[in-house]
Amino acid sequence: MIERFLKQTSFTSVEDYNQHLEFIIPENFNFAYDVMDAWAIERPNGLALLWTNDQGDEIRTTFAELKEQTDQAASYLQSLGIGKNDPVMLILKRRYEWWVIMLALHKIGAIVIPATHMLTKHDIVYRNTRASVKAIVCVDDAYVTEQIQLSLPESPTVKKVIVVGNAIGTIGTENAGVWHDWQAEWQQAPQFVKPSFVNTNEDTMLMYFTSGTSGEPKMVAHDYLYAMGHFSTGVFWHNLHEGSLHLTVADTGWGKAVWGKFYGQWVAGATVFVFDHEKFNADTLLRQIEKYKVTSFCAPPTIYRFMIREDLSKYDLSSLEYCTTAGEALNPAVFEKFKEKTGIQMMEGFGQTETTMTLGTFPWMKPKPGSMGIPNAQYDIDLIRPDGTSCEDGEKGEIVVRVGDKKPIGLFKEYYRDPELTKEAWHDGLYHTGDVAWRDEDGYYWFEGRIDDVIKSSGYRIGPFEVESALMTHPAVVECAITGVPDDIRGMVVKATVVLGKEWKDKAGEDLIKELQQHVKKETAPYKYPRIVEFVDELPKTISGKIRRVEIREKDKQK
């Protein structure tokens, strides 16, 4: 399959990849037709999706079966008046139907807006009005349906709400004709007829509301070639093939789901493994890997941090061939511990909601623990100083994408309906990521933090990640966040907000604070040590799981 979209499909070195990665771009590319329906013809009995949940239910779906289901779903959505360019929000947790409906919406040219089940009424109203959402497809969760119900009076563009599950509950006469029961209706739709024209490559296919660490969420609009931009994610970074059973730990409401559970994995012909669960538990997840013999695994470092605290000798993880990580920077201590316990080296990647993977550690490279890897050849990546000039090796700067006459495959179109915000991030031929890193002499990039997170203390510039990595090597620390606190003498001082392991919680106090401070002084340059240490039960995070350092800073200002 991949040979249809790449002129060269395997690489042996960084140089080979950089010189010979070249896409074959079809006219009016549509992932649902050009990849998934093609697999249904070529490998009709190939296992496309293996879904299970924490109740022990299981669904195995072939490519041929998935085509039938997505055609039926597309016809059903059309029968409700949903068609080309209509924005449709999906709030489906990890329900099996998310994969079916995603593809169905691609088939009719609608705009997909995945969203998390944790949204409040306010969040839903904001999204509905900003994007002119026409329909919502949601899970039969009492909280989710209640928040949607409350949002409808302030969401005039929403015409249909489709509930996936056992029942839609009591919806009230004022919403008659708006609410629909997926289970009762979708298979009754007529035979699907493909629209005469579905999309161009430049049309908007997908939009994400970023969970951002500050301010209201931005609407990131992607075109139909965004799916193709993820082919290198699945085929090369995840190193997948037709025999792979791949598990990415990600909620379907945020961008990592299409990074790891959709486009790149299926173009590789791999089976997407889904574990639908309400609450994360490392032991339960490891049991799933063991039971189903998962071969490829991807998760943010937080998941690995909890996994390595388990006795991994209790599990048969021999099926695992390859492990990757993204979503936040990887602490070297976690890399080393996981390798020690499993023999597997984690391969890190980096990107944003606005991009596909921009930096990565590929199979033909030796990973450096804590490094994001090298630029993906799809993008012209650079590090720049505040004056716009390029950084030297070893110098910290902002990660930017140099955009020439042609937008790179995978880079977003725009912040939807916000030209000023788009221009703020993308101007003078550069897309500004807002992330700070440095590059070593081998071309590997090392994450420092967001521009706003960098701490300036006594003339030093201190990246939060380097201090967090030092703290994470202490056995007491499960998670931590480094922020700056205003100081009359030094300008700012380093503060550590720390979540302790359960066996250390009763030791929280001045002695442990001093121990952690001394530990950081030994692990990194002494001037970086946290002069303030606060112990908390949990860190504030965005709905996609990223640490909200801005919230910590705001709380400190109020003290």
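This is a predicted model: local features need pLDDT of at least 70, side-chain atom pairs count only at pLDDT 80 or more; totals for chains, interfaces and linings use all residues.
**Exercise 1.** Work out the strand order of the open 3-stranded sheet and say which strands sit at its edges.

*Solution.* Start with the order: it reads 25-26-27, and the pairing is mixed. Next, take strand 26 (residues 491-500) with strand 27: they run parallel over 4 bridges. Finally, the twist from one strand to the next averages 25°.

**Exercise 2.** Find which strands helix 17 and helix 18 lie across.

*Solution.* Take helix 17 (residues 510-523) to begin with: it lies across strand 25, strand 26 and strand 27, at about 125° to strand 27. Then go to helix 18 (residues 549-558), which lies across strand 25 and strand 26 and runs at about 50° to strand 25.

**Exercise 3.** Classify the ring pairs Phe29–Phe231 and Trp438–Trp446.

*Solution.* For phenylalanine 29 and phenylalanine 231, the centres are 6.2 Å apart with 80° between the planes. Planes over 60 degrees apart count as edge-to-face, so that's what this pair is. Phenylalanine 29 sits in the loop between helix 1 and helix 2, and phenylalanine 231 in helix 9, so the pair ties together parts 202 residues apart in sequence. Phenylalanine 29 is buried at 0% relative accessible area, and phenylalanine 231 is buried at 0% too.

Now the tryptophans: with centres 5.6 Å apart and planes at 10°, tryptophan 438 and tryptophan 446 are stacked. Tryptophan 438 is partly exposed at 25%, whereas tryptophan 446 is buried at 18%.

Note on methods. Residues are numbered from 1 along each chain as its sequence is written. Side-chain values use heavy atoms; hydrogens and water are left out. Two strands pair if DSSP finds at least two bridges between them. Helices (H or I, at least four residues) and strands (E, at least two) are DSSP runs, numbered from the N terminus. Axes are lines fitted to C-alpha atoms, for helices over the stretch in contact, and angles run from 0 to 180 degrees between N-to-C directions. Contact means heavy atoms within 4.5 Å. Rings of Phe, Tyr and Trp (its six-membered ring) pair if their centres lie within 6.5 Å; planes under 30 degrees apart count as stacked, over 60 as edge-to-face and the rest as tilted. Buried means under 20% relative accessible area, exposed over 50%, partly exposed in between (1.4 Å probe, protein chains only).
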